[in-house]
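Here's a quick tour of one protein chain, made for someone just starting out. Have a look at the picture first, then read on.

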Amino acid sequence: MTQRFRTLSLILFPLAAGIVALLSLIPRLPKPPVPWDFWDKIEHLTAYLILGFLGMLFFRALLMGRIGRTAATVLITVGFGGLLELLQPLTGRTADWRDFLMNAAGVTLGVVLSRLVGFLLQRRRQGPPRP
């Protein structure tokens, strides 16, 4: 990991987490309740997929091992999502366990994507298999 990439990794995760927190806690205009708001769940999944991916880079930049950075990313990012859900009623929004589940699913997908990209980059650096 180059120094520039390491620095960028250390900046992007906290920045993205701050943006997610802001968007999760700002009051929204009331809208009629719907039984299943598909786009809201996709937004949660996407935001936390990005956080999961960036979390893996962040904890790698802190020189954590593979298992340590995976555990730290999952525990901290899923916990962060849960905390934001619990804080939402204080800002006039509603907490929703389905949002929390989509957050956790997004983190899981982000971690898997990060591991897949890392695996592919490692194989690429090693070159083609020798006969």
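Let's begin with two helices: the axes of α1 and helix α3 (residues 66-87) come within 10 Å of each other and cross at roughly 20°. That makes α1 roughly parallel to α3, since angles under 35 degrees count as roughly parallel, over 145 as roughly antiparallel, 65 to 115 as roughly perpendicular and the rest as oblique. The axes here are lines fitted to C-alpha atoms, for helices over the stretch in contact, and angles run from 0 to 180 degrees between N-to-C directions.

Keep in mind that this is a predicted model, where local features need pLDDT of at least 70, side-chain atom pairs count only at pLDDT 80 or more, and totals for chains, interfaces and linings use all residues. Residues are numbered from 1 along each chain as its sequence is written, and side-chain values use heavy atoms, leaving out hydrogens and water.

**The overall picture**
- The chain has 4 helices and 0 strands (helices, H or I, of at least four residues and strands, E, of at least two are DSSP runs, numbered from the N terminus).
- Going from the N terminus, the elements run α-α-α-α.
- Along the principal axes, the C-alpha atoms fill a box of roughly 65 × 30 × 20 Å.
- Of the 131 residues in the chain, 32% are buried (buried means under 20% relative accessible area, exposed over 50%, partly exposed in between, with a 1.4 Å probe and protein chains only).

**Salt bridges**
- As a general idea, side chains of opposite charge can pair when their charged atoms come close.
- The whole structure holds 4 salt bridges (a side-chain nitrogen of Lys or Arg within 4 Å of a carboxyl oxygen of Asp or Glu).
- D40 pairs with K41 at 3.0 Å, N to O, and both D40 and K41 are buried.
- K41 also pairs with D99, at 2.5 Å, N to O. K41 lies in helix α2 (residues 38-61) and D99 in helix α4 (residues 97-126), so this pair ties together parts that are 58 residues apart in sequence.
- D96 and R98 form a salt bridge too, with their closest N and O atoms 3.2 Å apart.
- D96 is buried, at 15% relative accessible area, while R98 is partly exposed, at 28%.
- Through shared partners, salt bridges join D40, K41, D96, R98 and D99 into one network.

**The start of the chain**
- M1 sits in the segment before α1 (3-25).
- With a relative accessible area of 40%, M1 is partly exposed.
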